Amino acid sequence: MTFFSILFALIAEQYRPVTASHWVRRMSAAWLDWVAKEFGGKSADGATPVGARLACLVGFGLPSILVFIIYIAAFVVHPLFAFVWNIVIVYLFFGFRQFSHSFTEVHEAIQNHDLPAARSALQSWLGDEIDASRLSETEIIALALEKAIIGAHRHVFGVFFWFLMPIGPAGVVLYRLADKASLRWESFGPNLSEAAKHFFYILDWVPVRLSAMSFAIVGNFEDSVYAWRNLTSKWSDPLTAVLLASGSGALGVRLGEPLREPTSDEALARAEAGEPPVYEIGHEPSERSMRSAIGLVWRAIIVCMAVLAMLTIAVWMG
């Protein structure tokens with residue numbers, strides 16, 4: 001049932017994607033904002049540490065419990081109803097097109113050598129995260145690749161992992177709401193923001209490494225593993241650092257800031273320990289890199305679906 005739930009949801013999303021204006025995304029954002037305000041967002045100092053943790057439990061836990069109760073009730077009535085409920089939840093939160101559409105717009109502009117259009121498409125995608133008005137073509141491609149790698153994990157592979165957990169569709173809702181809150185609650189005070197990010201870090205620690213392994217398997221394995229081991233320091237966030245290092249190595253492309261030159265003491269310490277020097281890998285981002293990224297994500301999805309299909313067949317035969 002799990003395999004076909006994901007398969008049907010993927011097919012449905014290709015024909016009718018869940019866009020940013022979809023009622024589910026608007027309702028999720030409104031719910032998280034309401035929870036943040038009720039637990040201290042209105043005060044000058046924001047929520048207390050205890051209030052921030054309670055906000056996480058209410059903001060992510062209550063909707064997940066509700067989804068799980070509906071799933072159990074549907075399964076008791078008839079397994080087919082539970083199957084339909086799975087498809088609905090996965091379709092609403094799986095979100096492959098939520099990042100691929102924006103990536104395609106940037107890619108098409110780059111293909112047409114239309115730099116202003118590429119900047120505009122990237123700005124629409126990133127919002128206020130960065131000013132894209134003066135970025136070069138290489139910088140635009142690099143940022144689009146980074147955003148696509150992170151989006152592929154958070155909208156596809158991370159959701160995939162939590163759907164396979166015993167709580168099923170409730171895990172999907174829990175993961176996506178925690179991801180959204182880790183970004184939205186930054187404006188509601190440091191305690192709420194840190195609590196949401198810590199909660200999401202716990203949820204995403206295992207999935208992000210499985211995604212990195214998937215990129216390595218379907219891409220350049222040696223470079224991916226090398227980048228994972230040695231180049232994660234190029235990004236400040238520990239979760240995205242694993243993804244971007246592995247993804248850049250799998251694609252054979254150079255992402256992130258250039259490596260910092262080691263000091264003489266650091267170089268001497270590595271030499272005395274018998275460790276080889278760390279070096280950059282891959283080539284500069286290009287239009288070809290964007291085409292490779294599309295193939296990388298689809299290959300990883302196919303591998304995950306193939307593994308799930310084999311496990312499903314094994315359970316049926318057992």
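In which helix is the place of Val242? In this predicted model, Val242 is placed in helix H11, which covers residues 238-251.

The chain contains 13 helices and zero strands. Read from the N terminus, the order of elements is therefore α-α-α-α-α-α-α-α-α-α-α-α-α. The radius of gyration is 21 Å, close to the 20 Å given by the globule rule for 318 residues, so the chain is as compact as a globular protein of that length. The C-alpha trace spans about 65 × 55 × 50 Å along its principal axes.

Of the 318 residues in the chain, 47% are buried. For contacts between residues at least 6 apart in sequence, 71% join residues that are at least 24 apart.

Aromatic side chains form 12 pairs in the model. In the pair of Phe60 and Phe199, the ring centres are 5.1 Å apart and the planes stand at 55°, so the pair is classed as tilted. Phe60 belongs to helix H3 (residues 49-77) and Phe199 to helix H9 (residues 190-218), so this pair ties together parts of the chain that are 139 residues apart in sequence. The two partners can also be described by their accessibility. Phe60 is buried, with a relative accessible area of 0%, whereas Phe199 is partly exposed at 23%.

Another aromatic pair is formed by Tyr71 and Phe75, with 6.3 Å from centre to centre and 35° between the planes; this pair is tilted. Tyr71 and Phe75 both lie in helix H3, four residues apart, or about one turn of the helix. Tyr71 has a relative accessible area of 14% and is buried, while Phe75, at 42%, counts as partly exposed. Ring pairs also link Phe3, Phe4, Phe8 and Phe83 into a cluster.

Ser5 is placed in helix H1, residues 2-15, and is buried, with a relative accessible area of 0%. With residues up to four places away in sequence left out, Ser5 touches Phe83, Asn86, Ile87 and Phe163.

Ala36, in helix H2 (residues 23-41), is also buried, with a relative accessible area of 0%. Between Ala36 and Ile302 there are 266 residues of sequence separation, and their C-alpha atoms are 38 Å apart in space.

Val242 of helix H11 has a relative accessible area of 5%; this value is under the 20% limit, so Val242 counts as buried. Apart from residues up to four places away in sequence, Val242 touches Val208, Arg209, Ala212, Trp228 and Thr232. The C-alpha atom of Val242 is separated by 31 Å from that of Val88, which is 154 residues apart from Val242 along the chain.

Two loop residues were also examined. His113 lies in the loop between helix H5 (97-111) and helix H6 (115-126). Its phi is near 55°, a positive value in a residue other than glycine. Most residues other than glycine have a negative phi. His113 is exposed, with a relative accessible area of 70%.

Gly189 lies in the loop between helix H8 (169-184) and H9. At 18% relative accessibility, Gly189 falls under the 20% limit and therefore counts as buried. Gly189 and Ser120 are 69 residues apart in sequence, and the distance between their C-alpha atoms is 31 Å.

Definitions and conventions: Residues are numbered from 1 along each chain as its sequence is written. This is a predicted model: local features need pLDDT of at least 70, side-chain atom pairs count only at pLDDT 80 or more; totals for chains, interfaces and linings use all residues. Side-chain values use heavy atoms; hydrogens and water are left out. The radius of gyration is taken over C-alpha atoms; the globule rule is 2.2 Å times the number of residues to the power 0.38. Buried means under 20% relative accessible area, exposed over 50%, partly exposed in between (1.4 Å probe, protein chains only). Contact means heavy atoms within 4.5 Å. Rings of Phe, Tyr and Trp (its six-membered ring) pair if their centres lie within 6.5 Å; planes under 30 degrees apart count as stacked, over 60 as edge-to-face and the rest as tilted.
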